[in-house]
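Subject: The structure you asked about

Hi there,

Here is the structure I promised to pass on. Have a look at it first, then read my notes below.

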Amino acid sequence: MDVGSSVYWPHECHKESRPSLQITREEKGWFAYCHRCHERAFIPLAEFSPLVKQGEKSKKINNLPDCSVQGISNRTLWPGDMVAFTRMLTQQEIDKYGIEYLPEQGMLKLPVNDTDGCIYRMNNPKRYLSNLKEKQIIFKAGELENPSLCVLTEDILSSIVIAETTLDRNLPVCALAQLTVGVKRETVKFLLDKKPEMCLVWFDNDNPEVRKQQRKVARKVRDELGIPVQIVLDYPGIDPKELNRLD
């Protein structure tokens, strides 16, 4: 494959005949992205061999640092693109959630609470990578003991912005980042346990497929869990982390 070219391949997340896994050749390896479950992976050239013998153990997809690797928490020392990406957060919030920049890898490290895993943000090219071992893991922020409202988001920063904004106003709101476009089993367990009065589904709204997934998530929460739910569609193409904290 030439650099920049792509092929599509079936993915284990579904049994449909239409391939959903896009594999793109990049200068330093292969980037894989599933357009159905939104799982991402990167395979460096050094870890790839076209002559894999039958029965050989599969190699690691993500060549990512361990979450314990120390980075730089002081945002004034980060590169401009990472500063811009986290511009909606205060330095105090960056410290609170353990967000750090890893200069050797050129990545932003976003720890996922209650786990030993992390989400990594790259800006060149722009994408998220994960070393989470369990696909059902979610990120939780805000009022987690007795929330009256739960907001389901796609990503960690969106959940942090919602949680910190509502905490500042003493509102009993929790934000649950699904780390995908969908609803995970851990979210279902949390909602059944905490029984909030209402849920909001607030994804990026950046394309019709995302909006379709939002409706599916809303139906699941309403019909299967019996919780009133609303979909946030007021800001097409904008996710919660991009909004003014005063809104």
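Helix α3 is mostly covered, with 11 of its 13 residues buried. Buried here means under 20% relative accessible area, exposed means over 50%, and partly exposed is in between (1.4 Å probe, protein chains only). Among the buried residues of α3 are I156, I160, V161 and E164. Helices (H or I, at least four residues) and strands (E, at least two) are DSSP runs, numbered from the N terminus.

Before I go on: this is a predicted model, where local features need pLDDT of at least 70 and side-chain atom pairs count only at pLDDT 80 or more, while totals for chains, interfaces and linings use all residues. Residues are numbered from 1 along each chain as its sequence is written, and side-chain values use heavy atoms, with hydrogens and water left out.

Back to α3, which covers residues 156-168. Its 13 residues should span 18 Å at 1.5 Å a residue, and the end C-alpha atoms are 18 Å apart, so the two agree. The expected span is 1.5 Å times one less than the number of residues. What caps the N-terminal end of α3? That is D155, with a side-chain oxygen 3.3 Å from the backbone nitrogen of L157. This is a polar contact, a pair of N or O atoms within 3.5 Å; within protein, one must be able to donate a hydrogen and the other to accept it, and residues adjacent in sequence count only if both atoms are side-chain atoms. After α3 comes N170, whose phi is positive, near 60°.

Now for the strands. Two of them count as paired if DSSP finds at least two bridges between them. Strand β2 (residues 21-26) is mostly covered, as five of its six residues are buried. β2 pairs with strand β1 (residues 6-9) in the antiparallel sense over four bridges, and Y8 has Q22 as its bridge partner in β2. Six bridges also join β2 to strand β3 (residues 29-34), again running antiparallel. There R25 has W30 of β3 as its bridge partner, and a hairpin of two residues leads from β2 to β3.

Next, find the open sheet of four strands, in the order β5-β6-β7-β8, with antiparallel pairing. β5 (100-102) and β8 (126-130) are at the edges with a single partner strand each, so one side of each has no neighbour in the sheet. The twist averages 30° from one strand to the next; axes are lines fitted to C-alpha atoms (for helices over the stretch in contact), and angles run from 0 to 180 degrees between N-to-C directions. Strands β6 (residues 107-111) and β7 (residues 118-123) share five bridges, and I119 in β7 is the bridge partner of L110. In the loop between β6 and β7 you'll find D114. Its phi is near 65°, a positive value in a residue other than glycine, and D114 counts as exposed at 68% relative accessibility.

There is also an open sheet of five strands, in the order β9-β11-β10-β12-β13, and its pairing is mixed. Its edge strands, β9 and β13 (229-231), each pair on one side only. β12 (residues 198-201) and β13 pair in the parallel sense over three bridges, with I231 in β13 as the bridge partner of V201.

How many aromatic pairs turn up in a search of the whole structure? Two. Rings of Phe, Tyr and Trp (its six-membered ring) pair if their centres lie within 6.5 Å; planes under 30 degrees apart count as stacked, over 60 as edge-to-face and the rest as tilted. Y97 and F139 have ring centres 6.0 Å apart and planes at 50°, so this pair is tilted. Y97 sits in the loop between α2 (91-96) and β5 and F139 in strand β9 (residues 139-142), so the pair ties together parts that are 42 residues apart in sequence. Y97 is buried at 15% relative accessible area, and F139 is buried at 1%.

Last one: take a look at R121. Its charged end sits over the ring of F85, 4.2 Å from the centre, and R121 also lies over the face of Y128, at 5.2 Å from the ring centre. A charge sits over a ring if NZ of Lys or CZ of Arg is within 6 Å of the ring centre and within 35 degrees of the ring normal.

Cheers!
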